[in-house]
Amino acid sequence: MMESGFERYSRQIAIPGFGEAGQRKLEAAHVVVAGLGGLGSAASIYLVAAGVGHLTLIDAQRVELSNLNRQVLHWSPDVKRLKIESAMEKLHALNPSVSIEAKAEKITWKNVDKLLRNADVVVDGVDNYQTRYLLNEACVRLRKPFVHGAVEGLTGQFTTIMPGDGPCLRCIIPKPPPKKRAFPVLSTTPGIIGCLQAMETIKLLTGIGQPLIGRMLFFDGQRASFEEIEIRRDPNCPVCGGMASL
Ligand SMILES: [Zn+2]
């Protein structure tokens with residue numbers, strides 16, 4: 001089906017300050033979504049629906065039955081398939097004009113720079129701090145905006161790391177929290193945080209609104225509340241400490 005103009009995006013183009021210029025910026029943009037679990041599912045669905053032109057998805061895992069309560073890109077028939085295959089199929093059907101590249105690779109210090117090299121924004125959809133730190137370090141090195149998100153149970157957190165401008169992940173969380181294997185997550189929690197990450201990414205790409213730099217947002221689903229704290233650069237941070245401010 002041929003689409004005319006920007007009809008698909010007409011309702012967001014109508015937002016003051018967004019316009020066709022904003023849509024063109026999204027169309028020209030390249031976002032890397034690292035991890036296709038709960039956060040990555042929600043973030044990539046909305047990025048593709050919004051018309052981000054180029055997406056790279058990274059995940060080496062296969063779909064498990066216990067993923068399906070929250071990883072909404074993967075459905076019952078997808079169990080045992082590679083997550084990138086399951087995701088590509090759904091995202092392509094949602095918006096065929098988005099060019100999607102998928103890599104079934106485990107993120108390591110050896111491949112991380114290469115994986116992120118062409119990104120305008122990197123979205124944190126991983127489930128462990130070891131990989132988050134690798135992504136954070138590469139984003140600082142390559143000066144890429146990094147939209148961090150994490151969830152557990154009914155709670156979540158997110159912030160935008162703009163190397164040289166605000167703190168990096170290591171400034172905020174100097175040591176990884178104890179490693180947990182299958183931590184509990186309610187169905188909706190990564191949907192909420194992943195959606196906020198997608199919104200933040202769209203804001204960064206189009207220049208609308210104020211990005212969440214130097215602020216961390218905490219969501220508490222038990223109380224249905226958001227709390228914001230100010231976060232600062234650590235001048236002695238082993239990752240971004242020596243970097244000149246923007
Ligand atoms: Zn830092």
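Rings of Phe, Tyr and Trp (its six-membered ring) pair if their centres lie within 6.5 Å; planes under 30 degrees apart count as stacked, over 60 as edge-to-face and the rest as tilted. By this rule, the chain holds three aromatic pairs. One of them joins Y129 and Y133 in an edge-to-face arrangement, with 6.2 Å centre to centre and 65 degrees between the planes. Both residues lie in helix α6 (residues 129-142), four residues apart, about one turn of the helix. Y129 and Y133 are both buried (under 20% relative accessible area, with exposed over 50% and partly exposed in between; 1.4 Å probe, protein chains only). F219 and F226 form a tilted pair, 4.9 Å centre to centre, with 40 degrees between the planes. F219 counts as buried because its relative accessibility is 13%. F226 has 48%, so F226 counts as partly exposed.

The model is predicted; local features need pLDDT of at least 70, side-chain atom pairs count only at pLDDT 80 or more, and totals for chains, interfaces and linings use all residues. Residues are numbered from 1 along each chain as its sequence is written, and side-chain values use heavy atoms, with hydrogens and water left out.

The chain contains eight helices and eight strands (DSSP runs numbered from the N terminus: H or I, at least four residues, for helices; E, at least two, for strands). Of its 246 residues, 51% count as buried. Along its principal axes, the C-alpha trace spans about 55 × 40 × 40 Å.
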